[in-house]
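Open the model in your viewer and keep the sequence panel beside it. This tour tells you what to select next and what is there.

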Amino acid sequence: MASIRAGFANLLAPGMFKVFSQNLDIKQWPEEYSKVFELDKSIRQYEEESGITGFGNAALKAERSPTTYDDPIKLDTKRYTFLTYSLGFRVSLELYQDDLYGKMKKMPAELAFSMRNVVETLAAGVFINGFTDTADYRGPDGEPLFGDGTTKDHPLVGGGRQANQLSVAADLNVDSLELMLTLMESTVNDRGLLTMQKVVKLVVPVQLQQTVKKLLESELEPFTGNNQKNVYADMDLKYVVWRYLTDPDAWFAMAQFHYLKHWWRMRPDFQSGDDFDTRDAKYSSVQRHDSGYTSWRGVGGSPGA
């Protein structure tokens, strides 16, 4: 199906005051998913990532007794499979030539907008679905990114479990942020040793933009009548407002290292040409990618109260 003159009569009539394009007549937001995910590229049909544990604590050694030996343990493997996303449009020769306002010539930019949107949406889905046991969003350990509503934690290959979700769901405020910092800095590796991670960034939906700004940038403690100092103002915590997050209450914390990955197998590729028989102008774009996480460590979250 092609766009033809009958459907766009306003583009053919002289004297129109303005013909606007929904997405291109405004200043667009900068890329957001890349502020959350580590980006990588591939030349294969899929990529796999895995890891190995370190060792447990060193053992006390008595005089002339033998050294205790330990073995690392292989961790589960995460496979990133690159799916293909594509979109195109076609416009008749007559409409392309008779368009007085040049809007059809700008439609390839609208196509780029749509291709970008699917990347942000799919990447945000990793967080949006991180609290529920959805098969497509389980990690290598078989658990959702933040654990589901029952377990809220992850199994350790060396024994035990570790949470990266608050034990009681809470909205973002002074107290819940303190609990999140404590939780994440208490994270252990699969052998039970502290990972020494530190929260450096909060990720919030647009509905929490003012809350996180007040929380991290106010000189005095926010949301209280007391004149005590805001301890978070000196911690150099950053924040990212991710407009593609759909839960207005959910918020997230990220450490200085994490294992969130967005793989590009093929960046958006745009092509155009003319149909030989109809002389329609044809435009299309194709891209291949996958978003996910190899390990849950380095990320914490709360779905909100």
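A residue is buried under 20% relative accessible area, exposed over 50%, and partly exposed in between, with a 1.4 Å probe and protein chains only. This is a predicted model, where local features need pLDDT of at least 70, side-chain atom pairs count only at pLDDT 80 or more, and totals for chains, interfaces and linings use all residues. Residues are numbered from 1 along each chain as its sequence is written, and side-chain values use heavy atoms, with hydrogens and water left out.

**The whole chain**

Show the cartoon. The chain has four helices and twelve strands. These are DSSP runs numbered from the N terminus: helices are H or I, at least four residues, and strands are E, at least two. Of the 305 residues, 38% are buried. Now take contacts, meaning heavy atoms within 4.5 Å. Among those with a separation of 6 or more, 73% join residues 24 or more positions apart.

**Two loop residues**

Select R64. This residue sits in the loop between β2 (46–49) and β3. R64 is exposed, because its relative accessibility is 80%. Its phi is positive, about 65°, although R64 is not a glycine. Most residues other than glycine have a negative phi.

Move to R279, in the loop between β10 and β11. R279 also has a positive phi of about 65° and is not a glycine. Its relative accessibility is 48%, so R279 counts as partly exposed.

**The β1-β10-β11-β4 sheet**

Colour these strands. They form an open sheet of four in the order β1-β10-β11-β4, with mixed pairing. Two strands pair if DSSP finds at least two bridges between them. β1 (38–41) and β4 are at the edges with a single partner strand each, so one side of each has no neighbour in the sheet. From one strand to the next, the twist averages 30°. For such angles, axes are lines fitted to C-alpha atoms, for helices over the stretch in contact, and values run from 0 to 180 degrees between N-to-C directions.

Zoom in on β4 and β11. They run antiparallel, joined by nine bridges. Pick S86: V286 in β11 stands opposite. Next, show α2, which packs on the sheet and touches β4, β10 (260–274) and β11. The direction of α2 makes about 15° with that of β11.

**The β8-β7-β9-β12 sheet**

Colour the open sheet of four strands ordered β8-β7-β9-β12; its pairing is mixed. Which strands stand at the edges? They are β8 (238–241) and β12 (299–302), each with a single partner strand, so one side of each is left without a neighbour in the sheet. Here the twist averages 20° from one strand to the next. β7 (residues 199–204) and β8 run parallel, with four bridges. K201 is opposite K238 in β8.

**The pockets**

A pocket is an open set of points on a 1 Å grid over the protein atoms alone, with protein on both sides within 12 Å along at least five of seven lines; lining residues have an atom within 4 Å of a point.

The largest pocket has a volume of about 510 Å³. Its lining has 24 residues, and L75, D190, T294, S295 and R297 are the closest to its centre.

The second largest pocket has a volume of about 380 Å³. A volume is the space filled by probe spheres set on the points, which are joined across faces, edges and corners. Select K78, D136, Y137, D290 and S291: of the 15 lining residues, these lie nearest the centre of the second largest pocket. β11 gives the most to this lining, with five residues.

Methods. 1 Å grid on protein atoms, 1.4 Å probe; cavity = no way out; pocket = protein on both sides within 12 Å on 5 of 7 lines; lining within 4 Å.
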